[in-house]
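These are my notebook entries on a two-chain model, written down in the order in which I looked things up.

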Amino acid sequence: MKAFIALLAALLVTGCATPVKTDLSAFRAANPRSILVVPAVNKTLNVDAPNYLLTTLTVPLAEKGFYVFPVHTARTVLEQEGFYEGDAIHQQPPQALASLFGADAILYVTINRWDAQYALITTTVTVNFDYRLVSKDGTELWKANKQMQYAPQNQNAGHPLATLLVAAVTAAMTRADPNYLPLAVMANEQVFNTDATAIPAGPYRLVN
Amino acid sequence: MHKSMLFSAALLMLGGCAQKGLYDWGGYSGLMYQNYKKPESVSANLVLLQTHVTALEGRSTKVAPGLYADLGTLYLQAGDRVRAVENYRKERAAWPESAGLMDGMIKTLANNPGEEKKT
């Protein structure tokens, strides 16, 4: 029991500590108030991935204290300018994009993986993103890579054969409709908030 | 012993690092996801987002960044330019960082009166 309490105490002490590794001096110097999230470059075969990812980035950045430009409106404006694909948008000078929206910084994401690998009785779902934040003058403020994986645990149904059956059913369900979105949400949450790559708080988080 | 103590320690561990949320999003991300996944649900999602924003206004709670503007764009795509401009103005008033973009949207709509945009 004592050992358990000591362990809890140790967890309490260390739980929040994040090792400082990422160089945030450029980020702090630029001190952005607003972030434009542009459609991602997609290096995967899943054509829906950029649209889905776009819906997961506003909340963590806004909750971090930044003004995040409305992603649906921004995408519509970019389409009116003739930009439909992440590739073309990422190739534009950041200065031009920033001035079109009046943004202090732009978040570029490249989707490296958004896939489900099938095996006999289990399916592993993987997402992998490169994140890059660039200031309105073109300076790189921050970058990170994040991978998240999910493999349904083999549920123990007691009897070995039953356990195998349960696992096979779970894998089949994952195969039919792999759930990428929670993985993307988790990747964003960790990369911005809890990993060594965590970014500084924005102005609306600081005033509250 | 001290079940309550252990319990509060566990609570602290869970809650200790979590920052208090700044905004009530009202399922905004999920609605936007549904707009892409099921385009036939867009008009229903517009109503849900409007209901959420109206409720926040009723409680004098600050509406999260981008909600007014994206609501405005959904109205614009449904052909309702008046409500689109109304929401762009609200976004601009709530969030000074949006001024450049919102002024641009409002100006474009004022300069092209008859042209309906549908996506």
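I began with Asn31(A), which I found in the loop between helix 2 (25–30) and strand 1 of chain A, where helices (H or I, at least four residues) and strands (E, at least two) are DSSP runs numbered from the N terminus. Its phi is near 45 degrees, a positive value in a residue other than glycine. I noted beside this that most residues other than glycine have a negative phi. Asn31(A) counts as partly exposed because it has 13 C-beta neighbours inside 10 Å; the scale calls a residue buried if 20 or more other C-beta atoms lie within 10 Å of its own, exposed if 12 or fewer, and partly exposed in between, with C-beta atoms placed from the backbone.

Before going on, I recorded that this is a predicted model, in which local features need pLDDT of at least 70 and side-chain atom pairs count only at pLDDT 80 or more, while totals for chains, interfaces and linings use all residues. Residues are numbered from 1 along each chain as its sequence is written, and chains are lettered from A and ligands numbered from 1 in the order in which they are written.

I then turned to Ser60(B), in the loop between helix 3 (42–58) and helix 4 of chain B, where phi is near 50 degrees, again positive in a residue other than glycine. Ser60(B) is exposed, since 6 other C-beta atoms lie within 10 Å.

Next came the make-up of each chain. Chain A has nine helices and six strands, and 35% of its 208 residues count as buried. Of the contacts in chain A between residues at least 6 apart in sequence, 72% join residues at least 24 apart; here two residues are in contact if their C-beta atoms, placed from the backbone, lie within 7 Å. Chain B has six helices and zero strands, with 27% of its 119 residues buried. For chain B, residues 24 or more positions apart account for 39% of the contacts with a separation of 6 or more.

I looked up helix 6 (residues 94–101) of chain A and found Pro94(A), Leu97(A), Ala98(A) and Phe101(A) buried. They cover an arc of only 95 degrees around the axis, and therefore sit on the same side of helix 6 of chain A, the arc being that of the directions from the helix axis to the C-beta atoms. The face turned away from this buried side carries the exposed residues Ala96(A) and Ser99(A). What covers the buried residues includes strand 1 (34–37), helix 4 (71–80), strand 4 (105–118) and strand 5 (123–135) of chain A, together with helix 6 of chain B. Gly102(A), which follows helix 6 of chain A, has a positive phi near 75 degrees.

For helix packing, I took helix 3 (residues 49–63) and helix 8 (residues 181–194) of chain A, which pack at an angle of about 35 degrees with their axes 9 Å apart. Axes are lines fitted to C-alpha atoms, for helices over the stretch in contact, and angles run from 0 to 180 degrees between N-to-C directions. The residues of this contact divide into nine nonpolar, three polar and one charged, where Ala, Val, Leu, Ile, Met, Phe, Trp, Tyr, Cys and Pro count as nonpolar, Asp, Glu, Lys and Arg as charged, and the others, Gly among them, as polar.

In chain B, the axes of helix 5 (residues 81–94) and helix 6 (residues 99–111) come within 9 Å and cross at roughly 160 degrees. These two helices of chain B are therefore roughly antiparallel to each other, a term for angles over 145 degrees, as against under 35 for roughly parallel, 65 to 115 for roughly perpendicular and the rest for oblique. By class, the contact of helix 5 of chain B with helix 6 of chain B has eight nonpolar, no polar and four charged residues.

Last, I went through the contact between the chains, which takes 25 residues from chain B and 30 residues from chain A. On the side of chain B that touches chain A, helix 1 (3–15), helix 2 (28–37), helix 4 (67–77) and helix 6 of chain B each supply at least two residues, and the largest share, four residues, comes from helix 2 of chain B. That side divides into 16 nonpolar, seven polar and two charged residues.
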